[in-house]
Structures are given as C-alpha cells and as structure tokens.
Amino acid sequence: MSQDKLRDRLVEAARRRRAQEATAPPEPDALAPLDAEAKDRITARVMEEIGAAPGAQVIPFRRRVRVAAGVAVAALAAALVLFLRPPGPAPLPAYEASFSGESALRGTQSQAEPPRVGPGSELSLIARPGRPVQGPVEVSAFLVRGDSARPWAAPAQVSPEGAVRIAGSADALLPPEPGPWTAVIVIRRPGASPAGPRDALRFSRGEVPADPGVQVIQVRFEQTGP
Amino acid sequence: MGTAAEPEVALVQRALGGDARAVRALVDQLTPVIQSRVARALHRRARQASGRNVRQEVEDFTQEVLVSLFTDKGRALRAWDPARGLSLENFVGFVAERQIASILRTAKRSPWTEDPTLAGDLEGPAGSDDSLAAALESRQLWEVVLDRLTERLSPLGAALFEAVWLNERSVSEAAEQFHMSKDAVYAWQSRLGKALRQVAVEVMSESGAPPHTSKAGGSS
C-alpha cells in the first residue's frame with residue numbers, strides 16, 4: 001500500500017467526520033457558553049498551574065455541590081453586604097455575598113426571612129468583589145449571636161480575583177446550636193490589623209472599619225435543629 | 001510579527017507571567033473555541049458516554065485543555081507565533097484537538113475513552129502494505145487513526161494537514177499562508193506521511209492483527 005493511498009483514506013475519514021459534524025452538531029447543552037462561575041474555576045486552576053497565586057491561599061473553587069438530599073436544593077441566597085468604601089489609596093472594592101442552604105434568597109431580594117441551614121444540608125457562602133482584586137487578601141470569619149461573637153473556623157477559599165468562599169456541610173461547619181446567626185466575614189489586605197471577635201461584634205452592629213484595606217460582609221441565617 | 005497580533009502577544013506574555021486579569025481575559029477569549037472542539041469530540045463518542053453529564057464533561061475537558069496551555073511554564077502557549085500565520089484561536093484550537101484526543105485515548109477515568117482494540121473490525125492479517133490498506137478499510141479504525149494522528153501533530157502540522165491534504169491547497173499557497181518556504185512545506189508533507197504510516201501500523205498492531213513488517217512503497 002502506498003502512502004498516497006493511506007493519505008487518501010485518512011482524508012476521506014477526515015472529510016466524513018467534517019460532514020457528520022455539519023449535519024449532526026453537538027447538543028445545545030454542550031455548546032452553551034460556560035458561565036462566569038465556571039470561568040472563575042478554570043482561571044483559578046490555571047493560576048494554580050502557573051504557580052503565581054497571589055499571596056493569599058488560592059484554592060480553585062470546585063464545582064457547585066449538587067445537593068442530593070431528597071429535597072430539591074434550594075439554592076439560594078441571601079445576599080447582602082455592607083461595605084465601606086473609605087477613601088484612600090487602593091481600597092478593596094465592595095463585596096457582594098450570596099448564601100445558600102436549605103432555603104435562601106438571592107441577590108437583591110429582600111431578606112424578609114433569613115435563609116436556613118440545618119442538619120444534612122450544604123452551606124455555601126460566597127463573597128465576590130465588585131471588580132477583580134489585585135494582590136493578596138486575608139480572610140477572618142466570625143459567628144455572632146446576640147452579644148457574643150466567636151471565631152468561625154470554617155475553611156475560606158480565596159480565588160485569584162479575590163472572591164471568598166466558605167462551603168461544606170452545615171454539620172461540619174456550624175456548632176450544634178440551632179438559632180439565628182450572623183456570619184461576619186472580614187476581608188483585608190495583608191498588613192491591615194487583624195480583626196477579632198470584638199471587632200466582629202462591632203461590625204455586626206454597623207460599625208465601619210476605618211482601614212480602606214478592609215471590607216466586611218454580614219450574612220444572617222437561621223440554623224435549624226434536627 | 002504583525003502589529004495586529006501585538007496586543008494578543010502582550011496578553012499572552014502577561015498571562016504567562018501570572019497576571020490574573022490576563023489569565024481571565026485569555027480564558028474568556030479562548031474558552032469558546034476550546035469548548036467547541038471539546039463538544040464535537042465528545043459528541044463523536046456519545047455512544048460510549050451514555051448517562052454522563054455532558055455539560056460537566058465539557059467544562060472539565062475545557063479546563064484541562066486550558067491548563068495544558070500553561071503547563072511546563074506555558075510551553076504550549078509559548079509555541080504560538082503569529083508570524084506563522086495562525087491566529088491565537090486557531091492555534092489553540094489545534095492544541096485543543098490534540099489534547100482532547102490524548103485525554104480521550106489515555107484517560108482511564110473517562111467512559112469516553114475509546115477502546116483501541118477493535119479486533120472485530122478486522123478481517124485479515126496485515127502482512128503487506130496492501131493488506132494494511134485492506135484491514136484499515138474499517139471506518140472505525142480510520143477514526144482511531146485520525147484521532148491518533150491529531151494527537152501527534154503540532155498545531156502547525158495540524159494546520160498544514162488541514163490546508164494541504166484536507167483542503168487541497170497547493171504547496172505555494174500553503175507556503176504563503178504559513179510564511180514558510182516551499183521546501184519547508186514539502187518537508188512537512190513528508191513528516192505527515194511518515195507520521196501517518198507510523199500511526200496506521202500502531203493501530204493495526206493494537207487491533208490484534210499480526211505485526212506488519214513490510215515497508216511502504218510509494219512516494220513520501
């Protein structure tokens with residue numbers, strides 16, 4: 001067999017494939033553009049590959065957890081946020097947060113009822129900066145109830161663009177104390193004064209950080225019992 | 001290098017240097033072409049993938065391809081030279097084809113993986129060039145050969161394959177399109193021919209037929 005014949009057969013196969021693709025394209029679902037969240041994940045993974053993760057720990061956000069708990073996932077989230085835009089050089093941009101659990105609100109919906117999380121449900125709190133953040137950020141998390149604030153030892157992931165995510169099972173992330181909580185997330189530039197529980201308590205009451213390199217997010221939710 | 005490509009070259013350089021904004025911009029720019037190649041490749045293997053979440057697979061493969069561009073200090077991406085006549089999207093499209101073919105062939109985790117053993121498609125031994133031709137009449141085997149060759153070719157090789165073999169552009173036209181000498185195009189054709197033959201023999205061998213021992217006749 002000559003190489004010409006091999007070549008002809010190969011070209012036939014390539015043309016046949018091309019014709020098939022023209023007449024039977026992939027399903028629309030496969031071609032629908034990837035959303036911003038998917039691109040965030042890809043970007044984070046690429047940054048990891050480059051090894052140029054900015055200062056803060058950069059962990060690529062995993063694919064959304066598909067909650068398979070019998071009940072339809074409530075996706076949703078309450079969003080809110082506060083943030084302070086103190087004047088000054090290179091402040092952190094304002095953040096917007098979303099929270100999802102068993103039930104929730106999303107985006108700009110009013111928070112008539114706080115979202116709920118409970119045993120067996122997945123919790124996801126995501127704080128996104130209004131624009132990509134250049135440089136590293138650090139994160140501290142707190143849980144506030146009444147006049148008491150405590151550090152929240154939930155693992156916070158930071159994307160290369162400064163988005164923050166806390167996610168996992170409610171059982172693992174929350175103390176076994178059903179009731180209302182205010183999660184206070186403090187995002188700051190390295191070098192800014194670290195926040196403590198007393199700061200978190202003040203922030204939960206509306207106090208604004210003086211440092212332009214600090215942003216605070218509050219999310220109120222209800223932890224349900226078994 | 002053409003001035004039209006300079007902003008893209010700069011963008012690539014910034015991304016390779018770890019600039020998160022540039023990386024995101026490249027992800028935005030290149031995702032559609034990669035996703036399209038991924039979707040087509042997965043669609044061709046739809047039978048092997050029943051029950052899979054196609055959407056999820058498309059994202060995973062797209063991510064793998066994009067990451068591969070930056071692997072080993074961005075070796076694949078650094079190979080892009082706009083002076084060679086390929087736009088960044090076209091270049092990455094060929095890289096994607098190669099990467100996807102490789103992943104699909106080797107990834108044990110994926111039900112998309114094609115079984116290279118297609119003994120059932122073979123009807124005779126491959127003891128000569130003609131029998132090689134006869135045995136490779138199977139369309140499925142030629143699909144495998146095509147994928148395997150795609151996996152071997154550099155983006156420029158793939159572009160030349162498409163231009164000269166598939167689209168029957170003349171050597172002069174190809175030389176002009178890819179900014180190379182005619183001799184260089186001839187040399188590429190020779191390399192393509194050798195690669196094709198090597199792949200054909202490999203596929204035959206993997207398919208369970210007796211080893212092929214004779215040399216190719218014909219031109220190079």
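Predicted model: local features only at pLDDT ≥ 70, side-chain atom pairs only at ≥ 80, totals over all residues.
Reader: Let me turn to the charged pairs. How many salt bridges are found over all chains?

Author: The whole structure has 26 salt bridges over all chains. One of them joins Glu37(A) and Arg128(A), with the closest N and O atoms 3.4 Å apart.

Reader: Where do Glu37(A) and Arg128(A) lie in the chain?

Author: Glu37(A) is in helix α3 of chain A and Arg128(A) is in strand β3 (residues 122–129) of chain A. The pair is 91 residues apart and links distant parts of the chain.

Reader: What are the relative accessible areas of Glu37(A) and Arg128(A)?

Author: Glu37(A) has a relative accessible area of 21%, so this residue counts as partly exposed. Arg128(A) is partly exposed as well, at 28%.

Reader: Which residue forms a salt bridge with Arg128(A) at 3.3 Å?

Author: That residue is Asp40(A), and the 3.3 Å is the distance between the closest N and O atoms. This pair also links distant parts of the chain, from helix α3 to strand β3 of chain A, 88 residues apart.

Reader: Is Asp40(A) buried or exposed?

Author: Asp40(A) counts as buried because its relative accessibility is 16%, and the cut-off for buried is under 20%.

Reader: Which residue of chain B meets Asp40(A) in a salt bridge?

Author: The side chain of Asp40(A) meets that of Arg24(B) in a salt bridge, at 2.5 Å from N to O. Both Asp40(A) and Arg24(B) are buried.

Reader: Which residues are joined with these into one network?

Author: Salt bridges that share partners join Glu37(A), Lys39(A), Asp40(A), Arg41(A), Arg128(A), Glu161(A), Arg24(B), Asp28(B) and Glu59(B) into one network.

Reader: Why can such side chains pair?

Author: Side chains of opposite charge can pair when their charged atoms come close.

Reader: New topic: helix α1 of chain B. Which of its residues are buried?

Author: In α1 of chain B, residues 6–16, the buried residues are Val9(B), Leu11(B), Val12(B), Ala15(B) and Leu16(B). They lie on the same side of α1(B), because they cover an arc of only 160° around the axis.

Reader: What follows α1(B)?

Author: Gly18(B) follows α1(B), and its phi is positive, near 95°.

Reader: Which residues are buried in helix α5 of chain A?

Author: In α5 of chain A, residues 197–204, the buried residues are Ala200(A), Leu201(A), Phe203(A) and Ser204(A). Their arc around the axis is only 165°, so they sit on the same side of α5(A).

Reader: What covers the buried residues of α5(A)?

Author: The cover includes β4 (138–145), β5 (148–151), β8 (179–188) and β9 (214–223) of chain A. After α5(A) comes Gly206(A), with a positive phi near 105°.

Reader: Last one: where does Thr150(B) lie, and what does Thr150(B) touch?

Author: Thr150(B) lies in helix α6 (residues 139–152) of chain B. Leaving aside residues up to four places away in sequence, Thr150(B) touches Glu97(B) and Arg98(B).

Reader: What does the side chain of Thr150(B) reach?

Author: The side chain of Thr150(B) reaches the backbone oxygen of Leu146(B) at 2.7 Å. The C-alpha atoms of Thr150(B) and Ala101(B) are separated by 7.0 Å, although the two residues are 49 residues apart along the chain.

Notes. Residues numbered from 1 in each chain as written. Chains lettered and ligands numbered in written order. Heavy atoms only, no water. Salt bridge = Lys/Arg side-chain N within 4 Å of Asp/Glu carboxyl O. Buried < 20%, exposed > 50% of the residue type's maximum accessible area, 1.4 Å probe, protein only. Helix = DSSP H or I, 4+ residues; strand = E, 2+ residues; numbered from the N terminus. Arc of directions from axis to C-beta. Contact = heavy atoms within 4.5 Å. Polar contact = N/O pair within 3.5 Å; in protein donor to acceptor, adjacent residues only side chain to side chain.
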